[in-house]
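Let's walk through this structure together, starting with one chain and ending at its contact with a partner.

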Amino acid sequence: MLQGSAYVTADFDLCYSRKRDNLEKLAHALSPFHPLLRAIPDQVPFRLDLSALRSGMNFTLTTDVGDVDILGEVTGIGSYQQVEAVSEVMEIFGVNCKVLTLEGLIKAKRALARAKDLRILPELEALAEIRKGEKKN
Amino acid sequence: MPQTQNELPPALKRASEEGIDLSQLYERMSLTPTERLRKHFRMAAAVRELRKAGQKHRDRNRSSETA
């Protein structure tokens, strides 16, 4: 969406660094929004803290502000550092955020290869082509 | 934006053949990321309203059938 896709998404994907201090910051930042594991019965106790983050990698969460997926690794790209290498800085509501480039997104979607990812590929490739043309001009 | 299908680079030609509205892509690329998000939020709000209206309509039909 941030890269110009017209597809509507229902969740927010966030890739995070697995360094200890960052895990603590992430747990602290998400805690006011009461994160819970998605598609897991309510009766399973869950607390997104340092220990939970250390024992897992990718979490699909439901929060008070919507669905958030936090990814220690992105399929087809790798860890936070590798994702960062194929990201660009975008100003979003006045805040500079690192966002996966179209090329990075295409690589990840190809690797995931689920029907919903493959469906979006022609659009992403067209957007990359438009972007390439803009850079030339 | 190129004028004819033959002038299009392969990725755009493929997208067009898949039924993707290229004018929509050019328009979105002309926006800032924040503007793209705002547009998405407006669209999501419109979908929510449509869903609510549909539900209201179904509820009304159901209650008139049982009356």
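Predicted model: local features only at pLDDT ≥ 70, side-chain atom pairs only at ≥ 80, totals over all residues.

Residues are numbered from 1 along each chain as its sequence is written, while chains are lettered from A and ligands numbered from 1 in the order in which they are written. For the complex, the predictor gives an ipTM of 0.77 and a pTM of 0.82.

Now follow chain B from its N terminus: its elements run α-α-α, making three helices and zero strands. Helices here are DSSP runs of H or I with at least four residues, strands are runs of E with at least two, and both are numbered from the N terminus. Chain B is more spread out than a compact globule, because its radius of gyration is 20 Å, well over the 11 Å that the globule rule gives for 67 residues. That radius is taken over C-alpha atoms, and the rule is 2.2 Å times the number of residues to the power 0.38. The C-alpha trace of chain B spans about 60 × 30 × 15 Å along its principal axes.

Turn next to the contact, where residues count if their C-beta atoms, placed from the backbone, lie within 7 Å. Chain B brings 20 residues and chain A brings 18 residues. On the side of chain B that touches chain A, α1 (10-17), α2 (22-29) and α3 (33-66) each supply at least two residues, and α3(B) gives the largest share, seven residues.

How values were computed: Contact = placed C-beta atoms within 7 Å.
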